[in-house]
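Happy to go through this one with you. Let's set each term against its cut-off and see what follows.

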Amino acid sequence: MAKFARQAWYMIGWAQELGDGVLARTLLGVPVVVFRDGHGVPHAIHDRCPHRFAPLSTGVRKDDRIMCRYHGLTFDGSGACVENPLGGAVPGVCRVGAYPVAEQDRILWIWMGDPERADPSRIARFPWIDDPALRCVFGYTQVNAHYELLTDNLMDLTHARFLHPGFGGDLYSPRNSVEIDGDSVVSKYIVENIDNPEFPENAWSAHGRKVDLWDDIRWHAPATLSLSSGVVLTGRPRNEGCEIPSAHVITPETADRSHYFWGSALPKDSPLSNGDFTQVLSQAFDTEDKPMIEDVHRRMAGEDFWDLKPLLLRTDNAAVRVRRILHAMIEQEAAGHA
Ligand code: FES
Ligand SMILES: [Fe+2]
């Protein structure tokens with residue numbers, strides 16, 4: 001069985017994906033179904049009926065409950081079977097697993113470790129998502145690759161020069177520094193005195209003047225990344241330019257497939273429409289990053305990253321630190337120390 005950090009919060013999806021319906025998603029190899037109770041509070045239970053193993057997510061939602069479509073056993077958000085329409089008592093053992101869920105910043109989070117250790121205050125925040133001065137776009141992509149390969153991609157943004165021509169291509173040749181900040185790894189990129197690339201020029205025009213770009217990306221365990229990108233006229237302070245914050249959150253579906261959630265925001269008065277902004281981001285993540293990461297995963301052919309003895313460059317510093325911290329977490333859990 002794949003090793004994942006279990007004492008951690010993972011993103012299930014965007015709150016808007018659930019709405020008032022039922023959301024089925026496999027997380028860390030476990031099929032989960034999410035639905036809201038009458039108070040709008042989301043619940044996540046194991047998406048497998050204990051009777052003949054039908055997916056409960058294909059069942060019928062009845063108020064606070066879900067009725068299995070096969071023989072009608074009905075479960076509430078705690079995972080307890082509360083009705084047996086075929087008659088007879090509901091056996092006490094008739095229940096499915098339930099997982100703590102938190103909802104904040106328009107994101108649904110799940111804790112699949114020891115429930116008593118689930119502490120929502122440990123979840124990374126994205127306060128800009130509800131900033132009235134900004135407008136956000138959201139996306140979701142499934143990637144056929146191990147989730148750490150997506151984190152590697154995000155922690156080493158030097159790949160933008162080669163993989164993302166719209167973000168600057170050859171112009172994007174940044175200086176990089178890496179910091180450890182508490183439990184986080186922060187990697188900072190700065191490019192100075194260049195022509196404004198196609199993006200962000202379409203979101204914030206420099207009117208032909210030279211610009212400085214920044215990208216500060218912060219990793220929170222296990223795979224939640226917060227990115228502040230921005231553009232400003234060369235030599236001017238950042239607050240005179242345009243900051244574009246974004247969230248990149250990855251949840252393993254299995255060891256070979258990952259959920260990649262992304263969201264980003266522009267100032268409300270930016271000339272770039274939400275549709276065009278989504279197109280820019282989707283072009284980068286879906287048609288440039290995703291195929292490369294899937295190729296890498298295939299080439300690794302199930303081998304462990306370190307066993308393949310990767311050549312390490314200076315620019316791998318942040319991604320390697322992240323891998324080490326994450327693996328220490330997983331090993332501590334396995335040893336019962338976490
Ligand atoms: S499989 Fe669900 S009630 Fe039979
Ligand atoms: Fe990328």
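Q: Before we start, how is the model to be read?
A: It is a predicted model, where local features need pLDDT of at least 70, side-chain atom pairs count only at pLDDT 80 or more, and totals for chains, interfaces and linings use all residues. Residues are numbered from 1 along each chain as its sequence is written, while chains are lettered from A and ligands numbered from 1 in the order in which they are written.

Q: What makes up the secondary structure of the protein chain?
A: There are six helices and 18 strands. Both are DSSP runs numbered from the N terminus, with at least four residues of H or I for a helix and at least two of E for a strand.

Q: Why is the protein chain called as compact as a globular protein of its length?
A: The globule rule is 2.2 Å times the number of residues to the power 0.38, and the radius of gyration is taken over C-alpha atoms. For 338 residues the rule gives 20 Å, and the chain's 22 Å is close to that, so the description holds. The C-alpha trace spans about 75 × 45 × 35 Å along its principal axes.

Q: Why does Gly 59 count as buried?
A: A residue is buried if 20 or more other C-beta atoms, placed from the backbone, lie within 10 Å of its own; 12 or fewer makes it exposed, and anything in between partly exposed. Gly 59 has 23 such neighbours, so it counts as buried. This glycine sits in the loop between strand S4 (42–46) and strand S5 (60–62).

Q: What does Gly 59 touch, leaving out residues up to four places away in sequence?
A: Contact asks for C-beta atoms, placed from the backbone, within 7 Å. Gly 59 touches Ile 66, Met 67, Cys 68 and Arg 69.

Methods: Contact = placed C-beta atoms within 7 Å.
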